[in-house]
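Look over the sequence and the structure shown below before reading on.

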Amino acid sequence: GPNGLEYKMVGIDCSIIMNPKVWEASGHVGGFQDPMQTCRQCKKLHRADQVWDGIKNSEWARSLGEFYQKSPDGLVSGVALKKWAQTKGRKLAPGLALVRNPEVTLSWLSERVEEKGSAIDPIDILRHVATEQLAQTGLVTPCPDCGGDLTEPRQFNLMFESHAGAVRDEGSKVYLRPETAQGIFVNFKNVMDSTRVKIPFGMAQIGKSFRNEITPRNFTFRSREFEQMEIEFFCKPDTSRMWYEFWRDVRLKWYESLGIQSDKLRAREQTDDELAHYSDACTDIEYLFPFSDEPQELEGVAHRGDFDLKAHGKAAKGKEMAFAVVDDATKERYVPHVIEPSAGVDRFMLAVICEAYSYDENRASPEFLKIHPRLAPIKAAVFPLVAKDGMPEIAEPIYRQIKKLYPCQYDAKQSIGKRYARMDEAGTPFCFTIDGQSKEDGTVTVRNRDDASQVRIDTTRCVEYLRDKLGL
């Protein structure tokens, strides 16, 4: 820890389904909501805060935008717009007002242009072509999918509901956990009593969480079922800032140590207006994915103060100091502050793959994954150069030795170049090849995935070599 301070970490595995009162106390039942909008034409739901990102990336908006990009003054003739509406628009954005009723939409659009006397803002253009009559409806926000008009935002709870027991009523309602943190908080006293840990200490958990995302997207970046890893670190209030800075720095270095070292990774301190009402500080560790114009969150390191333990203490025993601890030196009672590193495993692995993707046109297969060896799903491969001349007899024992310790593959088919290419694409860091020289001097060729370099080592050193390189 900071300044050489020692701390302990306890692993825990909490229930996915907990008493609903846990989620009431944490604020999830009343406050874990997203503003949603429904398209009146295609009936699809969209998160209000992500609608414009969806529109900008939609095929229909890009197609329509090409007209305005080619126009020097930002104005496009009604004839051109009507032609687009009857051809590409009918296929790409059937719900768009310009497509559904081009004459009416173009009529008032031309009046609007005359009123302004200049080019319309690009964002405003999309609102105009989605609106039939300004007097009746005002400018509307178009649907990212079909271009139809969206309803006003309304709140939508993100937790999955279910029922426990034989009777399905309000009394049997339960929720799938939307995060792993609350299971840690409600077990705080239990862990302190049973493990005899003292402040400062942490509780760590990795497991499934569930959120009823309306628009899951971008492969594994946003999904309804995801793997989460969290630490809740409990400390004295007067040391909490120090521990917050410690965990913020440690977590950033963790990503860097596992191969995410480009300028696409950054730590961004949240501004005051971004912070949760109970939070003193929060750092988002972000990565610039290829599907986004802005870095996206991999992990949040939050200074949560004493909000959580006080909230659960009040809900469980009617008093905020229910989970207070006693300072051994001063005998003072206090509710510990919490520092929370909370990360998405799926997002991390997606960032690993994006960072590892490499291209080398000089290779038989130019695309390969430069995954950090500790994360590579296959640690090694063993190849006899040919499936005869005694080479398989040397290769198979080496394969079995490695396989006992690490994920390993054995392959004796096709050319050696194609076998290397297969392993490169899977991110396998090392390949051990047994050839004619192996029979003569008892050595094998070890090929490095990253630079395709090769060295020869004794057949008895294969496991040792791999262990040293993997650092495991």
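Two strands pair if DSSP finds at least two bridges between them. Strands themselves (E, at least two residues) and helices (H or I, at least four residues) are DSSP runs, numbered from the N terminus. This is a predicted model, in which local features need pLDDT of at least 70, side-chain atom pairs count only at pLDDT 80 or more, and totals for chains, interfaces and linings use all residues. Residues are numbered from 1 along each chain as its sequence is written, and side-chain values use heavy atoms, with hydrogens and water left out.

Start with strand β9 (225-235). Strand β8 (residues 201-210) runs antiparallel to β9, and 10 bridges join the two. Phe 210 stands opposite Glu 225 in β9. β9 also pairs with β15 in the antiparallel sense, over 6 bridges. Here Cys 235 stands opposite His 337 in β15. How much of β9 is buried? Of its 11 residues, 9 are buried, where buried means under 20% relative accessible area, exposed means over 50%, and partly exposed lies in between (1.4 Å probe, protein chains only).

The next topic is the nonpolar core, a set of buried Ala, Val, Leu, Ile, Met, Phe, Trp, Tyr and Cys residues joined through side-chain atoms within 4.5 Å. The largest one has 30 residues, of which Trp 247, Tyr 255, Ile 260 and Ile 339 touch the most other members. At least two residues of this core come from each of β9, α13 (240-257), β11 (281-287), β12 (296-305), β15 (337-344) and α15 (345-356). α15 gives the most, with 6 residues. Another core, of 24 residues, lies apart from this one and includes Trp 84, Leu 126, Cys 143 and Cys 146.

Contact means heavy atoms within 4.5 Å. Leaving aside neighbours within four places in sequence, Tyr 255 is in contact with Ile 260, Leu 265, Ile 285, Leu 298, Glu 299, Ala 343 and Phe 348.

Two loop residues remain. Thr 180 sits in the loop between β7 (173-176) and α11 (181-186). Thr 180 counts as buried because its relative accessibility is 1%. Beyond neighbours within four places in sequence, Thr 180 is in contact with Gln 205, Gly 207, Lys 208, Ser 209, Gln 228 and Glu 230.

Asp 149 belongs to the loop between α10 (134-137) and β5 (154-157). Is Asp 149 buried or exposed? Its relative accessibility is 14%, so Asp 149 counts as buried. With neighbours within four places in sequence set aside, the contacts of Asp 149 are Thr 38, Cys 39, Arg 40, Gln 41, Arg 100, Val 140 and Thr 141.
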